[in-house]
Number of protein chains: 2
Amino acid sequence: MDAVSRIEQTLSAALANGEVAGCPPRLAAALRYAVFPGGARIRPRLCLAVATACGGGNDTGIADAAAASIELLHCASLVHDDLPCFDDAAIRRGKPSVHRAYDERLAVLAGDALIVLAFEVLARAAANAPQRLGPLVMTISKAVGMPSGIVAGQAWECEPRVGLADYHRAKTGALFAAATVAGAAAAGVDAEPWRELGERLGEAYQVADDIRDVAADPQELGKPIGQDAILGRPSAARELGLQGAIARLKQLVNGAIASIPACPGAEELKAHIVMEAQGLLPKELARRAA
Amino acid sequence: MDAVSRIEQTLSAALANGEVAGCPPRLAAALRYAVFPGGARIRPRLCLAVATACGGGNDTGIADAAAASIELLHCASLVHDDLPCFDDAAIRRGKPSVHRAYDERLAVLAGDALIVLAFEVLARAAANAPQRLGPLVMTISKAVGMPSGIVAGQAWECEPRVGLADYHRAKTGALFAAATVAGAAAAGVDAEPWRELGERLGEAYQVADDIRDVAADPQELGKPIGQDAILGRPSAARELGLQGAIARLKQLVNGAIASIPACPGAEELKAHIVMEAQGLLPKELARRAA
């Protein structure tokens, strides 16, 4: 089965465990709505690519669970970031955001339930390999919680003074770093050396996101463009100009590839990352940059 | 060290892991504000009492971590339940609720971060006993997530039709059941037989909560009374009358005690539960009921 099918199937199975008699049906529906149809599933595909490169891609479902866990947390953060008290986003992935499609209460609860599910899916999958569960739970906690996970990243938006590096590292980098570290941990190899790759890719993704926000087709993007300027958020595309930002993206991707630790599947992983990076740019820009 | 000191110390140490350079300071402050000073810490004390009764009360910090995890989740649920889109509560534990003291965004994020921390504290403590982590993570996930954890319980408030038994079992019973099951799991004994005790105590607590809402001194309670009637919530005290509700509470506590599985410390555990049950009633009522 290809990586995307494995991810979709693991996510669906994780949700199905909660969709049983006695569950509140609107919350169940909101959870599935928040997860499907997905975006590009960049983080879980990166996680599986690393697990495979480390030789553990077919191992006992733990790699699939790690990938799904990271995507569930990403979905949770989108649902909560879209809330009226934050971005008040009406549209996400080309359809109404969860609080618009359901209501604000269900959006708060859906985010909470997705965070819980991210840990549950790991514990289920690790039943036969208990020694891998601790490192995975620690990796995931670090990516989401205090002091520098995605929740901390979002919290920088509530501070009078924002450390920009801290903000980006936490808001975007943390979950990419978790994707590479968890992929290696799921494969049972020494995982920390994989953090740098994730951090660099997270930074690259942030630059690409800034580029898309100024240069994408809203239809292709699935949400409105120009939000960074409207919301006064820092943006590489505005600071460096469009061409400067594209050059910076290339530099970051090359640095990421150079940081890949020695592993059996390094070449395939490099190819995966190059292909992914091309996919990060709006189609028209990617064509011109190629 | 007594149980309360162990709990307070474990909670404080868990928060301290996130209070480091590079963390967003207002979120760090909101987290500590949400956890300290605590309420009665009923659930974590129950968890420790069960772990001790099972012979594992002094074991390697896992029992302390399980107790802290349950209290962190309880605090998270209070912060999110108090949000404007739910109860819009101004006061909690005798001081402004988190969204009033900080803001709504930090209240959403504080709840999220506390959920994550509840899992992190388990993974840290289980580093030397990895085989106990999986059952603990599964127990905690079940208590909080879908289909019948406290998040699902809160979600019943968003449904057009509410299954009252499902609602109470999830909203209150789930975390009490987790307290007894996690206490046993932390002690390394067969944990599922302990679920009934927690469920019965959860039901007793719910009845006591309904009694306090009609009969307590708001000063003693730390929040306004009469909320069930105002918010149209079901209430044993309104359905059975005050004396009927007190009789029901006694019956539930006796049933809980009768359900305690065979264990080395059964007598001390019974004494703990009897004393706790007396503490659940407003002081004046407890004096008259005794």
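## A walk across the A–B interface

Start where chain B meets chain A: eight residue pairs, both members at pLDDT 80 or more, are in polar contact there (N or O atoms within 3.5 Å, one able to donate a hydrogen and the other to accept it; residues adjacent in sequence count only if both atoms are side-chain atoms). What you have open is a predicted model, in which local features need pLDDT of at least 70 and side-chain atom pairs count only at pLDDT 80 or more, while totals for chains, interfaces and linings use all residues. Residues are numbered from 1 along each chain as its sequence is written, chains are lettered from A in the order in which they are written, and side-chain values use heavy atoms, without hydrogens and water.

**Stop 1: the interface.** Select the 49 residues of chain B and 49 residues of chain A that make the contact (heavy atoms within 4.5 Å). Together the chains bury about 4300 Å², 77% of it on carbon and sulfur atoms; this is accessible area (1.4 Å probe) lost on being put together, summed over both. Now look for salt bridges across the interface: the rule finds zero (a side-chain nitrogen of Lys or Arg within 4 Å of a carboxyl oxygen of Asp or Glu).

**Stop 2: two salt bridges in chain B.** Show B:E19 and B:R32, whose side chains meet in a salt bridge at 2.7 Å, N to O. B:E19 is partly exposed at 32% relative accessible area, and B:R32 is also partly exposed, at 26% (buried is under 20%, exposed over 50%, partly exposed in between; 1.4 Å probe, protein chains only). Next, pick B:E203 and B:R248, with their closest N and O atoms 3.0 Å apart in a salt bridge.

**Stop 3: a serine.** Which residues does B:S259 touch, not counting those up to four places away in sequence? Select B:E196, B:L197 and B:R200. B:S259 counts as buried, at 14% relative accessibility, and a polar atom of its side chain lies 2.8 Å from the backbone oxygen of B:A256.

**Last stop: chain A.** Finish with A:E8, A:R41, A:E71 and A:R93, which are linked in a network of salt bridges.

Note on methods:
Buried area is the accessible area (1.4 Å probe) that two parts lose on being put together, summed over both.
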